[in-house]
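Here is a short tour for anyone meeting this structure for the first time. Take a look at the model below, and then follow the notes topic by topic.

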Amino acid sequence: MSDMVGRYRECGAATKEGLELSFSASSIPLKQRWRNNGLSADFLADYVTTFFPRVENDPKSLARQQEIRGAVNYIANELLENAMKYSDEHLTQPISIKLVMEADSILFVESNATNAARGRAFQAFVTELATSDPTELYVTQLERGVETGGSGLGLITMVNDYGAQLGWKFDDLGDGAMRVTTQVLLEI
Ligand SMILES: Nc1ncnc2c1ncn2[C@@H]1O[C@H](COP(=O)(O)OP(=O)(O)O)[C@@H](O)[C@H]1O
Ligand SMILES: [Mg+2]
C-alpha cells in the first residue's frame, strides 16, 4: 500500500524516459558521498542547460539559461543531500534521482529507503507542508530550528523561492523499512 501526499503524480509511460542516476547509500565513504552530490547536481544542471541553448545577441536567453541552471542545481543538491542524510545505510537499498524533461516543466523524482520511524515523521512533516501556507511554515520552521538545532528549510525553500510543486509517495517495505519518493515539478 502506498500513501501519497501533495501533488504526487503516478509515473506513466510518458515519464519513463529521463536521465536517471542511482547510488548505493553505503558503498562509498561519507566524505566522498558529499563530493559526489555536488558533482551530480552540477551534472544535472549542465545537462538541462543543453535544452535551453543560448541564442546569440539575445541576452535574455542567457539569463533564462542561468536561472534554470541555478534552480536545477539547488533542487538536485537538496534532494541528494536529504537522500544521503536520511536514508538508512543498513538497508542496502539504492538511492535514485531522475530528471524528466517536459514541454513546459522539469520533473525530479528522488527515491530512497529509510527506517519506518523516520519515514513516518517525514510523512507527517510533508503533510503539514502540503496543507499549510509555505511562507508561514517557513517562519514556524525557523523557530523550531532554534529549538531543535535542525533546519527543515530545504523543501520549503523549493516552494518559496523556486515556485516548485512537491509530492511524495510512501511505501512500506516491511521489516521496519520504508521507501520514500519525492517529486519536484518545476514549471519553466
Ligand atoms: N529523503 C528523505 N528521506 C527521509 N526523510 C527525509 C528525506 N528528506 C527529508 N526528510 C525529513 O524531512 C525533514 C525536512 O527536510 P528539509 O526540508 O530538506 O530540511 P533539512 O534537511 O535541512 O532538515 C528532514 O529533517 C528529515 O527529517
Ligand atoms: Mg535538506
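Around ligand 1 there are 18 residues, and those that come nearest are Asn82, Tyr86, Ser151, Gly154 and Leu155; a residue counts as near if its C-beta atom, placed from the backbone, lies within 6 Å of the molecule. This is a predicted model, in which local features need pLDDT of at least 70 and side-chain atom pairs count only at pLDDT 80 or more, while totals for chains, interfaces and linings use all residues. Residues are numbered from 1 along each chain as its sequence is written, and chains are lettered from A and ligands numbered from 1 in the order in which they are written.

**The shell around ligand 1**
- H2, S4, helix H3 (116-131) and H5 are the elements that give two or more residues to this shell; helices (H or I, at least four residues) and strands (E, at least two) are DSSP runs, numbered from the N terminus.
- By class, the shell holds eight nonpolar, eight polar and two charged residues.
- In this scheme Ala, Val, Leu, Ile, Met, Phe, Trp, Tyr, Cys and Pro count as nonpolar, Asp, Glu, Lys and Arg as charged, and the others, Gly among them, as polar.

**The sheet**
- Six strands form an open sheet in the order S1-S5-S6-S4-S3-S2, with antiparallel pairing; two strands pair if DSSP finds at least two bridges between them.
- At the edges lie strand S1 (2-6) and strand S2 (19-24), each of which pairs on one side only.
- On average, neighbouring strands are turned by 15° against each other, direction ignored; axes are lines fitted to C-alpha atoms, for helices over the stretch in contact, and angles run from 0 to 180 degrees between N-to-C directions.
- Helix H2 (residues 59-86) packs on the sheet, where it touches S3, S4 and strand S6 (177-187), and its direction makes about 10° with that of S4. Contact here is between two residues whose C-beta atoms, placed from the backbone, lie within 7 Å.

**Strand by strand**
- Five bridges pair S1 with strand S5 (residues 165-174) in the antiparallel sense, and Ser2 has Asp171 in S5 as its bridge partner.
- S5 and S6 run antiparallel and are joined by nine bridges; Phe170 has Val180 in S6 as its bridge partner, and Gly174 stands opposite Ala177 in S6.
- The hairpin of S5 and S6 has two residues between the strands, and Asp175 takes a positive phi near 50° there.
- S4 and S6 pair in the antiparallel sense over eleven bridges, with Ala113 opposite Arg179 in S6.
- Six bridges link strand S3 (residues 94-101) and strand S4 (residues 105-115), again in the antiparallel sense, and Ser96 stands opposite Ser111 in S4.

**H2 and H5**
- H2 packs with helix H5 (residues 154-162) at an angle of about 165°, and their axes are 10 Å apart.
- The two helices H2 and H5 are therefore roughly antiparallel to each other (under 35 degrees counts as roughly parallel, over 145 as roughly antiparallel, 65 to 115 as roughly perpendicular and the rest as oblique).
- The crossing of H2 and H5 is left-handed; this is the term if the near helix is turned anticlockwise from the far one by less than a right angle, and right-handed is the term if clockwise.
- Ala71, Tyr74, Ile75, Glu78 and Asn82 in H2 meet Gly154, Met158 and Tyr162 in H5, a contact of five nonpolar, two polar and one charged residues.

**H1 and H2**
- Helix H1 (residues 30-49) and H2 have axes that come within 8 Å and cross at roughly 150°, which makes H1 roughly antiparallel to H2.
- H1 and H2 cross in the right-handed sense.
- Among the residues making this contact are Arg33, Asn37 and Leu44 of H1, and Gln65, Ile68 and Met84 of H2.
- The contact of H1 with H2 divides into nine nonpolar, six polar and four charged residues.
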